[in-house]
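Me: Can you walk me through this model? I want the residue-level details.

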Amino acid sequence: MRLEPRESMAFGWQVGAPLLAVVAAMAICSGLILWAGASPLSAWGLLLKGALGSTFALTETLTRATPLIFTGLAAAVAFRAKLWNIGGEGQFYVGACMATWLGTGMIDLPAWLMIPFLFLTGALAGGLFLLIPTWLKTRLKADEVVTTLLLNFVVLLVVNWLVFGPWKDPMAMGWPQAAPVVDSAMLPVLVPKSSLHLGFVLALACAGLVWWMMRFTVWGFEIRAVGASLKASTFAGMPVGATIVRTALLSGGLAAMAGVSELCGVKGYLTLDLSPGFGYSGIVVAMLAALHPLGVVLSAMFIAIIYIGADSMSRAITISNYIADVTTAVSLLMVLLAMFLTRYRIRWK
Amino acid sequence: MDILSLVFETGFWLATVRMATPLIFGTMGELICERAGVLNLGIEGIMAAGCMSGWTWVYLGGTLWGGVLFAACVGAGLGLLHAVFTVHLGLSQHVTGLGITMLGASLSSFAFRMILPQVTTPPKIVPFAPLDIPVLSTLPFIGPVLFSQTALTLTAFILVAVTAYVLLRTPLGLALRMVGENPLAAEAQGLSVLGLRTGAVMAGSALMAVGGAFLTLAAFDAFYIGMVNGRGWICIALVVFSSWKPGKALLGTLLFAAFDAIQMRVQQQSISAIPYQFYLMLPYLCSILALIAMSRKAAYPKALLVPFRKGER
């Protein structure tokens with residue numbers, strides 16, 4: 001077996017490859033559905049229907065996609081600069097903690113000021129938090145994959161302490177949760193009688209903004225250049241250090257905004273299960289999108305469809321909803337494979 | 001609480017050695033992969049798969065050692081997948097590893113739900129019993145701490161010696177290290193870079209899975225979803241801490257297990273002024289500190305994270 005780099009690849013294939021990969025992933029996971037004794041076609045049909053089949057289903061899916069867009073953008077921006085930020089989960093909770101701290105009565109502002117204030121402070125906290133491992137990476141050469149990952153556990157333990165200790169809401173009948181944020185901090189609902197909130201629009205706006213920045217601004221160019229070749233960027237006299245710091249602030253900030261958005265848009269109060277792994281799913285979202293900011297919106301939708309659809313599918317036919325996690329993991333691996341095949345061809349000899 | 005008196009307490013060291021066991025298997029597995037030039041971030045998922053598959057084997061009527069072997073095979077299988085992606089196709093070791101972790105963890109949870117659809121309390125199995133090796137276990141202090149553990153713990157200690165010997169004293173070990181340091185030179189010597197790396201990742205992953213199986217087959221007697229609980233990530237930090245040396249890695253695992261054991265005791269006494277969550281943070285924070293301390297020496301295998309392709313340089 002020999003691998004040969006391809007000279008070029010038709011644009012259609014570059015877009016089509018991830019789609020084919022997703023189809024392949026679903027085909028592989030059909031094996032598990034067969035194991036559960038159901039027909040794969042009807043199962044996937046139920047999944048689609050459960051995620052997109054009604055206004056309610058659709059709004060649920062878009063609500064679920066919202067934090068994934070934020071964390072997906074966070075991973076995409078960082079990975080472009082080869083800053084391997086695996087700490088989206090921790091930054092998510094840093095944002096949620098900041099919003100809880102400021103939003104549960106400490107500050108009283110009208111909603112139109114309160115909401116931007118919470119998002120900005122949350123994003124700032126998340127960005128600054130990511131600066132710790134970034135600083136350890138640039139100054140002390142400590143691998144950021146490991147440090148950001150380990151810090152996730154540290155943050156979760158801090159949240160654990162907060163919701164069981166100083167922040168425990170006495171009105172919560174003993175449940176480990178913080179007090180709810182004030183009414184003016186709650187994000188308005190977009191579609192009446194649904195859970196879809198303003199955070200979704202904000203997530204879309206962020207995706208557009210990040211795309212514009214990466215594509216058309218000097219900062220975006222520098223981020224891409226540092227990721228493509230650290231040596232060449234240094235040689236070209238680019239502000240490499242400043243670029244990495246900016247990337248970290250942006251990436252950590254975006255992941256933290258997911259936390260603020262979930263807190264103020266969905267739940268209203270801080271708990272330990274505010275995120276079912278949005279930080280980690282964000283990495284899959286970014287990879288499925290080939291690190292493209294607008295692609296992130298689509299791949300976040302895809303992951304959201306899988307999760308929301310799997311819930312209703314598992315109710316309709318008796319199959320564990322862990323099928324959603326398996327499908328996500330297999331999709332990630334298949335997309336890696338597909339992206340490889342757009343760059344190389346395999347010659348069998 | 002008096003930490004000093006703990007040091008002289010047999011029970012504390014017994015717990016430390018027991019808690020170190022899965023970390024020893026995981027750290028040795030990761031160390032072998034990285035020495036051959038492949039970072040294996042799949043460890044957390046591979047350990048989960050080992051947990052689940054070892055338990056299932058025994059639950060369905062197999063023997064305990066059969067469960068260990070089955071877990072090792074499942075681990076090697078996931079390792080092969082990682083190797084195909086990273087070694088043969090040269091894809092990002094970071095991203096592939098995370099994919100393997102997600103796959104291993106989610107498949108274990110899915111399979112567990114398939115095998116046991118409607119249970120609230122997980123059924124128990126009869127786990128490995130502690131050995132009582134004649135003569136040795138009657139030695140003062142060392143006896144109960146080392147020789148009254150389960151057979152898997154003893155295996156872990158033997159494994160460290162074997163890994164150190166094979167890696168540092170045999171031609172196979174030399175070849176593995178060469179592949180991790182300078183694959184071009186290894187190829188010039190007529191060694192198969194891809195083959196050696198694939199073998200190392202599969203063997204290492206098998207060990208990780210055995211570490212997971214220890215949790216269900218010796219430490220606890222049931223499988224819980226999420227029971228690996230970050231142990232795999234700690235192993236990755238421990239490998240850096242050990243500067244890729246088996247002996248130091250053993251020391252590191254014991255150190256971290258000791259932290260864990262202290263933390264458990266503090267939690268039980270619950271009279272401490274410091275909330276127990278902060279003790280739980282210690283292993284993670286110490287891992288980061290260890291990483292900083294060790295990274296300055298930068299003893300990384302030179303070709304770690306660098307894919308190797310024939311005819312490309």
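Predicted model: local features only at pLDDT ≥ 70, side-chain atom pairs only at ≥ 80, totals over all residues.

Me: Salt bridges to start. How many over all chains?
Reply: A search of the whole structure finds 3.

Me: What does A:Glu222 pair with?
Reply: A:Glu222 bridges to A:Arg246, with the closest N and O atoms 2.9 Å apart. The two sit in distant parts of the chain, 24 residues apart. A:Glu222 is in helix α8 (residues 218–228) of chain A, and A:Arg246 is in helix α10 of chain A.

Me: Is A:Glu222 buried or exposed?
Reply: A:Glu222 is buried, at 9% relative accessible area. A:Arg246 is partly exposed, at 22%.

Me: And what does A:Glu144 bridge to?
Reply: To A:Lys137, with the closest N and O atoms at 3.2 Å. A:Glu144 counts as buried at 4% relative accessibility. A:Lys137 is partly exposed at 24%.

Me: Which residue does A:Lys267 pair with?
Reply: A:Asp273, with a closest N and O separation of 3.2 Å. A:Lys267 is partly exposed, with a relative accessible area of 30%. A:Asp273 is exposed at 52%.

Me: Switching topic. Which residues form the nonpolar patch on the surface?
Reply: A:Leu124, A:Leu128, A:Val245 and A:Leu249. Together they have about 320 Å² of accessible area.

Me: Which helices supply them?
Reply: α5 (111–140) and α10 (240–267) of chain A each give at least two residues of the patch. A:Leu128 is one on α5. A:Leu128 is partly exposed, with a relative accessible area of 46%.

Me: Over to chain B. Where is B:Gln149?
Reply: In the loop between α6 (142–147) and α7 (151–169) of chain B. B:Gln149 is buried, at 4% relative accessible area.

Me: What does the side chain of B:Gln149 reach?
Reply: The backbone oxygen of B:Leu14, at 3.1 Å. Beyond neighbours within four places in sequence, B:Gln149 is in contact with B:Leu14, B:Val17, B:Arg18, B:Pro130 and B:Leu131.

Me: B:Thr27 next. Buried or exposed?
Reply: Buried, with a relative accessible area of 1%. B:Thr27 lies in helix α2 of chain B. A polar atom of its side chain is 2.5 Å from the backbone oxygen of B:Leu23.

Me: What is B:Thr27 in contact with, leaving aside neighbours within four places in sequence?
Reply: B:Cys235, B:Leu238, B:Val239, B:Ala249 and B:Thr253.

Me: Which residues are buried in helix α8 of chain B?
Reply: B:Gly173, B:Ala175, B:Leu176, B:Val179 and B:Gly180, within residues 171–181. They cover an arc of only 160° around the axis, so they are on the same side of α8(B).

Me: What do they pack against?
Reply: α2 (10–35), α7, α9 (183–188) and α10 (193–219) of chain B.

Me: Last one, backbone angles. What is the phi of A:Lys141?
Reply: About 60°, a positive value, although A:Lys141 is not a glycine. A:Lys141 is in the loop between α5 and α6 (144–164) of chain A. A:Lys141 is exposed, at 58% relative accessible area.

Me: And what is the phi of B:Ser243?
Reply: Near 40°, again positive in a residue other than glycine. B:Ser243 is in the loop between α11 (231–241) and α12 (246–269) of chain B. B:Ser243 is buried, with a relative accessible area of 9%.

Technical notes:
Residues numbered from 1 in each chain as written. Chains lettered and ligands numbered in written order. Heavy atoms only, no water. Helix = DSSP H or I, 4+ residues; strand = E, 2+ residues; numbered from the N terminus. Buried < 20%, exposed > 50% of the residue type's maximum accessible area, 1.4 Å probe, protein only. Polar contact = N/O pair within 3.5 Å; in protein donor to acceptor, adjacent residues only side chain to side chain. Contact = heavy atoms within 4.5 Å. Arc of directions from axis to C-beta. Patch = residues over 30% accessible without salt bridge, like charges linked within 9 Å, V, L, I, M, F, W, Y side chains within 5 Å. Areas by Shrake-Rupley, 256 points an atom, 1.4 Å probe, with all protein chains shown as cover. Salt bridge = Lys/Arg side-chain N within 4 Å of Asp/Glu carboxyl O.
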